[in-house]
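Let us walk through a protein model together, one piece at a time. Keep the picture open beside you as you read.

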Amino acid sequence: MNHIRPLSAVRLCHRPHLPRHPHPYARELSRATVRFVTNPARIPRISFTALVLAAVAALLSALIGPAAAQAAPGESRPVYSYDHAIRESVWVDTGLDGDGDGRTDRVAADIVRPSEPARQDRRIPVIMDASPYYSCCGRGNESQKKTYDDRGRPAGFPLFYDNYFVPRGYATVLVDLAGTNRSDGCVDVGGRSDIRSARAVVDWLGGRARAYTARTGGRPVTAGWSNGSTGMIGKSWDATIANGVAATGVRGLKTIVPIAGISSWYDYYFAQGAPLYDSGPDSLAAMVESSGAQRHCDAVQRKLVKGAPRSGDWTGLWTERDYVRAAGKVRASVFMVHGMQDLNVRTRHAGQWWDALARHGVARKIWLSQTGHVDPFDYRRAEWVTTLHHWFDHYLMGYDNGIERAPKADVERAPGSWSTDPRWPAPGTSTTVLRPRGGSVPGVGVLGTAKAPQGATETFTDDPKRSEADWAARAGQPTPDKAGFSTGALRAPLRLSGSGTVTVTATPSTSTAHLSAVLVDLGPATIRNYTAAGEGITTLDARTCWGAGTPADTGCFKETAADTEKVASTVFSRGWADLGTYADAHKGRPLTPGKPYTITLHLAASDHVVPAGHRLALLVGGTDAGLIDPPASRPTLTLDLSRTSAALPLTGGAPAFVRATAGVPRPPVGGPLLDGLAPPHGLSRMPAAR
């Protein structure tokens with residue numbers, strides 16, 4: 001963990017290099033919230049001016065009241081003292097006995113809340129992040145963990161939520177999931193215990209659950225300071241818990257902000273039967289469990305092993321952890337954020353969750369970046385803080401700031417360059433069927449609307465050492481490990497927005513086979529280097545501060561910059577499957593060599609514009625090295641091109657494709673393209689990276 005030097009409660013403030021803001025709050029943000037720190041050690045620990053300003057703020061709060069102080073600007077303002085905030089811990093009873101010790105489990109909830117509203121008998125809303133990572137792995141780009149003072153009270157919270165929002169009249173609550181850090185119980189990786197850990201706290205905040213001042217014994221404590229309105233936020237596993245709690249329909253949960261969250265745990269470990277990792281949820285539980293849980297949770301571990309067979313078959317364990325099927329219960333609004341090149345929590349999670357919420361009319365908003373598994377605080381910081389501020393103000397404090405009427409989608413088009421759409425997928429998008437045909441050279445064909453003649457085939461042999469990056473670099477070159485099909489150079493840009501599918505009819509030479517299908521933009525571009533360690537960002541040494549701070553929790557974080565790479569091709573959507581799931585997506589079966597099978601692969605959601613002059617390509621191969629595990633054998637697969645197609649979400653539909661490809665000559669056959677990105681760097685085996 002990188003060390004953050006203590007700062008005084010007041011830091012120097014100025015406005016260099018602040019990005020232009022579309023919101024009226026930008027002026028206040030630049031003046032009073034963003035603090036650029038080059039040498040924190042030189043900042044004085046006591047400032048007379050700071051004391052005067054704090055006294056004035058307190059006097060205004062007491063004389064005119066927070067409601068009046070906040071009403072004028074139409075948004076919450078930093079009128080409360082962070083220095084004098086109430087810091088406390090409670091243990092909430094979940095009603096479960098996961099560790100089998102004869103007592104119901106209590107989960108720790110650490111709280112920072114402004115003291116002034118309580119003295120005025122005013123109740124406030126809560127921003128909550130429930131996580132298994134507060135002691136084992138940390139949160140954020142600097143792997144921050146919770147810290148406590150010598151009396152056991154919360155002293156340092158990871159991330160900026162407390163620093164920024166507590167002075168604005170919110171409480172921040174960080175919950176240790178059952179079996180982690182200071183909580184009882186066992187980790188069950190997205191199951192009943194995980195979800196109940198967080199839901200119980202939402203219920204307690206709404207007056208519907210019990211809590212105590214200690215892990216055992218203690219006196220009962222109520223959340224009389226809470227108005228019962230809670231917003232959940234978090235990245236990765238934390239985001240997943242927010243999705244799962246929302247899917248219970250719990251009262252009082254007004255909004256969730258899932259960043260790179262899982263929507264169905266089966267899809268984290270398998271892609272239509274093809275294993276994405278060489279381990280299961282039992283290994284993940286072991287990584288985050290407290291020492292106490294490791295001693296008492298063998299029974300839960302055995303259930304995780306038994307319920308998640310490496311065959312990839314669907315079991316009751318996966319049904320319990322499939323939040324998509326319960327999307328109809330969601331009462332909360334959803335502000336979803338995902339990296340379109342996230343190879344940890346793949347964007348299929350975002351796409352299927354978004355579509356399910358849309359079917360049930362859930363209020364929602366989405367940001368899609370070109371990064372991998374990265375928090376928006378680390379790639380669009382100022383805009384993120386402002387937008388999140390307005391989102392919480394509207395859904396938790398009731399401000400009519402118009403955010404629910406703003407464009408629903410922000411999409412990163414190039415590093416740091418964003419576009420907006422009134423809804424997502426983009427207006428005018430419709431499913432368009434494209435078909436592969438053979439070309440003049442085996443293995444290098446054409447992608448268009450015409451169907452291949454009966455009997456046309458392409459053949460490749462699975463090579464577990466080859467990845468999508470290898471295939472893309474040689475898209476126009478015959479190679480034994482893939483079949484490729486592309487348009488000619490486009491005459492007009494072509495946008496793909498949403499989720500697509502690829503239906504393949506393949507004849508295997510062995511009894512097991514895995515398939516991969518990827519969409520590639522063939523043409524030069526500068527993109528975020530999402531396969532590097534930073535997954536599209538570089539962390540710098542300089543810090544900026546967001547909100548108030550104390551020596552134990554400065555609210556200052558390292559700046560970041562885009563990590564970019566010039567490439568000749570970009571893979572922008574991908575899907576995988578075990579061919580053995582051809583008849584039932586939930587159960588695999590042995591294949592008969594020499595027999596054709598038809599299967600539909602689901603491509604990850606994306607939003608990508610293939611520019612004029614570039615080519616759109618569909619590549620089909622076997623094992624996508626580094627992303628899916630290989631089958632037991634090394635099959636040769638023969639594709640029946642007349643029964644193979646791609647149903648893609650094209651903005652403008654088939655007419656747009658015809659316009660973009662009209663009169664375009666067939667793609668040339670040539671050597672390898674310039675190198676694309678390298679294979680993923682140390683792909684995480686847990687939904688936790690930063």
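Is Ser264 buried or exposed? With a relative accessibility of 1%, Ser264 counts as buried, where buried means under 20% relative accessible area, exposed means over 50%, and partly exposed is in between (1.4 Å probe, protein chains only). You will find Ser264 in the loop between β10 (253-259) and α7. Leaving aside residues up to four places away in sequence, Ser264 touches Trp314, Arg321, Asp322, His349 and Gln352; such a contact means heavy atoms within 4.5 Å.

Before going further, here is what you are looking at. This is a predicted model, in which local features need pLDDT of at least 70 and side-chain atom pairs count only at pLDDT 80 or more, while totals for chains, interfaces and linings use all residues. Residues are numbered from 1 along each chain as its sequence is written, and side-chain values use heavy atoms, with hydrogens and water left out. The score called pLDDT is the predictor's confidence in each residue, from 0 to 100. Its mean over the chain is 89, and 86% of the residues reach 70 or more. Take care with residues 1-72, though: pLDDT stays under 50 there, and the model has 125 contacts beyond four places in sequence for this stretch.

Now for the overall picture. The chain has 15 helices and 31 strands, which are DSSP runs numbered from the N terminus (helices: H or I, at least four residues; strands: E, at least two). Of the 690 residues in the chain, 60% are buried. Among contacts with a separation of 6 or more, 79% are between residues 24 or more positions apart.

What lies inside? Look for a nonpolar core, meaning a set of buried Ala, Val, Leu, Ile, Met, Phe, Trp, Tyr and Cys residues joined through side-chain atoms within 4.5 Å. The largest one has 92 residues, and those with the most contacts inside it are Met128, Trp204, Trp225, Met232, Trp237, Trp265 and Trp353. Helix α5 (residues 192-205) gives the most to this core, with seven residues. A second, separate core has 38 residues, including Phe485, Ala577, Leu601 and Ala660.

Let us stay with helix α5 and pick out Val202, which is located there. Val202 is buried, with a relative accessible area of 1%. Not counting residues up to four places away in sequence, Val202 touches Met128, Arg208, Thr230, Met232, Val250, Arg251, Gly252 and Leu253.

Which helix packs against α5 at an angle of about 75°? It is α6, and the two axes are 9 Å apart. Axes are lines fitted to C-alpha atoms, for helices over the stretch in contact, and angles run from 0 to 180 degrees between N-to-C directions. Angles under 35 degrees count as roughly parallel, over 145 as roughly antiparallel, 65 to 115 as roughly perpendicular and the rest as oblique. The helices α5 and α6 are therefore roughly perpendicular to each other. Asp194, Ile195, Ala198 and Arg199 of α5 make the contact with Trp237, Ile241, Gly244 and Val245 of α6.

Helix α8 (residues 281-288) comes next, with Pro281, Leu284, Ala285 and Val288 as its buried residues. Seen down the axis of α8, they fall within an arc of 100°, so they line one face of the helix; the arc is that of the directions from the helix axis to the C-beta atoms. These buried residues pack against α6 (237-246), α7 (266-269), α10 (298-307) and α11 (316-320). The axes of α8 and α10 come within 8 Å and cross at roughly 150°, which makes the pair roughly antiparallel.

Finally, some backbone details. Most residues other than glycine have a negative phi, and most peptide bonds are trans. Ala260, however, has a positive phi of about 55°, and this residue sits in the loop between β10 and α7. Ser143 also has a positive phi, near 50°. At 28% relative accessibility, Ser143 counts as partly exposed, whereas Ala260 is buried at 2%. As for the peptide bond from Trp424 to Pro425, this one is cis, with omega near -5°.
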